[in-house]
Amino acid sequence: MRNKKYDKITALIFAFGTVFFLVLAFTNNQFFNWAYERHQNQISWYIRPLFLIPFCWFAYKRSWTGISVTIFMMLTSMFWFPKPEFVSEQVKDFLQMEMDYLLGDWGLIKILITMLVPVSLAALAAAFWKRNLYFGISVMVFIAIAKMTWSVIFGGEAGKSIFIPAIAGLVICIALIYFGYKKMENK
C-alpha cells in the first residue's frame, strides 16, 4: 500500500525529468550535438527497443513509476555509449536526416506524425494494463513498422540502417513478453 502512495509522485518526477531532457536537447545546441555524437553508437539502436520489455511489464503491474522510469531511460539511452570511432556513411546520413527533421520547421503534419510516438506508447501501456497480450503485440508490431516506414520515407536508403536493430528488437521483445505474460497469467 505504501508503494502505491508514492507511485504517481515518483512517476511525475521522472516525467518532469523526461520533459527537462527534451527541453534541454532542443534549446541547447551544445548538449544536442554532444548527445547526437553518442547516438551514432549503434549499441543504443539495439538496446532501445528492448526497453519495451520492462515498459510492458510495468504496465502489466500497473506501475506508473516503472513506466515513467522506463521512458526516461529509453530516451536518455541515446547518449549512454561513447562516440564510436567509425560510423558508416549510411548511419551518418540517417542521423543527419533525423537531426534535420527534429531541428527543422514544425508544421501540423510533422506534429501529427511525431505524436504517433506517445500515442503508440500509451496504446502499448493500455494493452498490458488491461492485460491484452495480442493487442499489445499488435501495437509493438505497429511501432516497429511505423519506425521503419518513417525512416525510409524521410531518410531514403539511409533509413534502412535501422531495419536490423528494429526487427531484432521486435522479435526479442515479442518472444520475451509472450513467455513472460504466459508465465504471469499461469500464476
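1. The model is predicted: local features need pLDDT of at least 70 and side-chain atom pairs count only at pLDDT 80 or more, while totals for chains, interfaces and linings use all residues. Residues are numbered from 1 along each chain as its sequence is written, and side-chain values use heavy atoms, with hydrogens and water left out.

2. The C-alpha trace spans about 50 × 35 × 30 Å along its principal axes. Of the 187 residues, 39% count as buried; buried means under 20% relative accessible area, exposed over 50%, and partly exposed in between (1.4 Å probe, protein chains only).

3. The structure holds 20 aromatic pairs. Rings of Phe, Tyr and Trp (its six-membered ring) pair if their centres lie within 6.5 Å; planes under 30 degrees apart count as stacked, over 60 as edge-to-face and the rest as tilted. The pair Phe-21 and Phe-31 is edge-to-face, because the ring centres are 5.7 Å apart and the planes stand at 85 degrees. Phe-21 belongs to helix α1 (residues 2-27) and Phe-31 to helix α2 (residues 29-39), so the contact ties together parts that are 10 residues apart in sequence. Both residues, Phe-21 and Phe-31, are buried.

4. Tyr-101 and Trp-106 form a further edge-to-face pair, with 5.9 Å centre to centre and 65 degrees between the planes. Tyr-101 counts as buried at 8% relative accessibility, whereas Trp-106, at 36%, counts as partly exposed. Both rings are members of one aromatic cluster together with Trp-45, Phe-94, Trp-150 and Phe-154.

5. Which residue lies over the face of Tyr-101? Lys-110 does, at 4.6 Å from the ring centre; the criterion is that NZ of Lys or CZ of Arg is within 6 Å of the ring centre and within 35 degrees of the ring normal. Arg-131 lies over the face of Tyr-60, at 4.2 Å from the ring centre.

6. Arg-131 lies in the loop between α8 and α9 (133-155) and is partly exposed, with a relative accessible area of 29%. For Arg-62, phi is likewise near 60 degrees and positive; this residue is in the loop between α4 (52-60) and α5 (64-76) and is partly exposed at 34%. Most residues other than glycine have a negative phi.

7. Trp-106, Ile-111, Met-115 and Val-119 make up a nonpolar surface patch with about 360 Å² of accessible area together. Patches are made of residues with over 30% relative accessible area and no salt bridge: like charges are joined within 9 Å, nonpolar side chains (Val, Leu, Ile, Met, Phe, Trp, Tyr) within 5 Å. Areas come from the Shrake-Rupley method with a 1.4 Å probe. Met-115 is placed in the loop between α7 (108-114) and α8 (116-129) and counts as partly exposed at 42% relative accessibility.

8. A search of the whole structure finds 4 salt bridges, each being a side-chain nitrogen of Lys or Arg within 4 Å of a carboxyl oxygen of Asp or Glu. Among them, Lys-147 and Glu-98 meet at 3.3 Å, N to O. This pair links distant parts of the chain, with Lys-147 in helix α9 and Glu-98 in helix α6, 49 residues apart. Lys-147 is partly exposed at 33%, while Glu-98 is buried with a relative accessible area of 9%.

9. Another salt bridge joins Glu-89 and Lys-92, with the closest N and O atoms 3.6 Å apart. These residues are 3 apart in helix α6 (residues 89-103), so about one helical turn separates Glu-89 from Lys-92. Glu-89 counts as exposed at 51% relative accessibility and Lys-92 as partly exposed at 39%.

Methods:
Helix = DSSP H or I, 4+ residues; strand = E, 2+ residues; numbered from the N terminus.
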